[in-house]
Amino acid sequence: MAATVSRQSDSQHQPRQLYCYVAQPTLYSDHYPNRENTPEGLVSIALTRSSHRSLNTNNDAVKGVVLVQTKIKAQRVSIKFIGRTTCRVTNDRNPGSHHVATTDLFCHEKTLVPRAVPSANCPAGRKEYPFEFRFPEAVELDPKLQNEAPFKPDEIFEHERGHQLPPSLWWNENTIRSEYFLEAEFITEHRSFTLNPVAIHQLRFSPSVPEIGLPEQAALLPTPPIRFERRSRPSTPEPNQGRRGPLKRLKSSLKGEKSEEVSSTSLLVLSVPSQYRVGAATTLKVSLQATLTDGLTQPEPVYLRGIRAQAFAHINYRIPTPAASNDEVRKDGTVKFDLFNRRYGKPGLEITNNTAIEAFSINSIVPPTFKTYGVAVKYDVRYDLLLECAGKESEHEVEMRNVTIAPMTREGGHLGPPETPPPRGSMDSTSPSYGWYGHLRSRSVSVWRPESPPPSYSQD
């Protein structure tokens, strides 16, 4: 009972949170206009409902069917499941000249067999070719020569297979693409086909690690202290000393005398984690320290009105080529977005010598820190604080460098559909339904929005 009362008391002292816009990362896209996966195509890809996700991770099953029009006499229908990174650098002096490095992280290919008996809801005029893949746990392929030059060993990048798969990442149009996709095609000898049609379906990916065996969360690290001046409350007069009368106050005013404003100097320290985790909540702490005062006054309280954590994603990339010095071209860029952003209603969150700021969660679409053959991403985080003291607001900024954003976790080492078949009559039964295709999502979406996930093919 006492614990319940304590929790209720704490919630009553928590300030009201105001809506505040959070700038999400725009590091994902899908540009295959010539190979768009549409139900009207000669060949198309549809995923099962159990494989339907807006965000995939390691060990997730990818199941579905390739649909081919029955009027086509297909000799061979195949599908590839590919993880690939591509880096492109254009010569500023000669825009027509550019360097490119394309590396496959894994490539699984299957030749498909048509289903003997079409499923109940198979679209008219289509044949079904079932397939199934699973996302690997790590990079499976060694890098090949790029422009007749190898990827050299380097502490910033990887150069051997076995490292963690990088997240999906599209940056600066086609400058960098880290992508995972299905590619279906068929081969026919029909004279009207000069090219073999291909359909590509993107799968957004973010790596994960098992929850079991993770190290304990590291202690919070203090940022550089913020030094600021604040006014102090006038001390309470002694009982034997009455207040000055109206005539004395008027006399002092006529003489031009002003009451001296007493101020005190305080140090405010924000303590933050050296590592965040995608999809996980975290807690920050803020404290007042080393308040210098003459002992006759009481400082005004300090309130936190807002806090914003802005991530600076530093993207490094390289392209091996004998035409460059040191046999490679190196470039870098920076992208800014919010990890979180919070504002409080007046008066705000009062700061004491140990004040916790809780319940910040890192969005699952934030790319974790990673490095692979040609691309690496690391982070700095800048914290902007809005403080209020004695009715005056002030903004302050501190920065932490080399902050790690760790991959999300998955329970028991697996995150995906259940391995056992669903019960009969359930929504994920073996009876297929084509009411919602996996290839109907908008091609112009650059940021995943959970309220509008891509459609699915409902067969399990």
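Start by selecting Leu27, Leu55, Pro167, Ser168, Arg204, Phe205, Ser206, Ser364, Ile365, Val366, Pro367 and Pro368, which line the largest cavity. A cavity here is a set of points, on a 1 Å grid over the protein atoms alone, where a 1.4 Å probe fits but cannot get out; lining residues have an atom within 4 Å of a point. This cavity has a volume of about 70 Å³, the volume being the space filled by probe spheres set on the points. Its lining has eight nonpolar, three polar and one charged residues.

This is a predicted model: local features need pLDDT of at least 70, side-chain atom pairs count only at pLDDT 80 or more, and totals for chains, interfaces and linings use all residues. Numbering runs from 1 along each chain as its sequence is written, and side-chain values use heavy atoms, with hydrogens and water left out.

Zoom out to the whole chain. It has two helices and 24 strands, taken from DSSP runs (helices H or I, at least four residues; strands E, at least two) numbered from the N terminus. Of its 460 residues, 45% count as buried. Buried means under 20% relative accessible area, exposed over 50%, and partly exposed in between (1.4 Å probe, protein chains only).

Next, the largest nonpolar core. Such a core is a set of buried Ala, Val, Leu, Ile, Met, Phe, Trp, Tyr and Cys residues joined through side-chain atoms within 4.5 Å. Select Val66, Phe131, Leu182, Leu284, Leu339, Tyr383 and Leu385: of the 82 residues in this core, they touch the most other members. Then colour strand β17 (residues 302-320), which gives the core its largest share, nine residues. Apart from this core lies another, of seven residues, including Tyr28, Ile82, Phe181 and Ile200.

Stay with leucine 385. Beyond its neighbours within four places in sequence, its contacts include Ile226, Leu268, Leu304 and Val398. Contact means heavy atoms within 4.5 Å.

Move to threonine 103, in strand β5 (residues 98-111). Threonine 103 counts as buried because its relative accessibility is 3%. Among its contacts beyond four places in sequence are Arg84, Gln146, Phe151 and Tyr373.

Now the backbone. Lysine 346 and proline 347 are joined by a cis peptide bond, with omega about 0°. Proline 347 sits in the loop between β18 (328-344) and β19 (349-350).

Asparagine 59 has a positive phi of about 75°. Find it in the loop between β2 (43-47) and β3 (61-69); asparagine 59 is partly exposed, at 21% relative accessible area. Glutamate 148 has a positive phi of about 65°. Its loop lies between β6 (126-134) and β7 (169-171), and glutamate 148 is exposed, at 73%.

Note on methods. On a 1 Å grid over the protein atoms alone, a cavity is a set of points where a 1.4 Å probe fits but cannot get out, and a pocket is an open set with protein on both sides within 12 Å along at least five of seven lines; lining residues have an atom within 4 Å of a point. Ala, Val, Leu, Ile, Met, Phe, Trp, Tyr, Cys and Pro count as nonpolar, Asp, Glu, Lys and Arg as charged, and the others, Gly among them, as polar.
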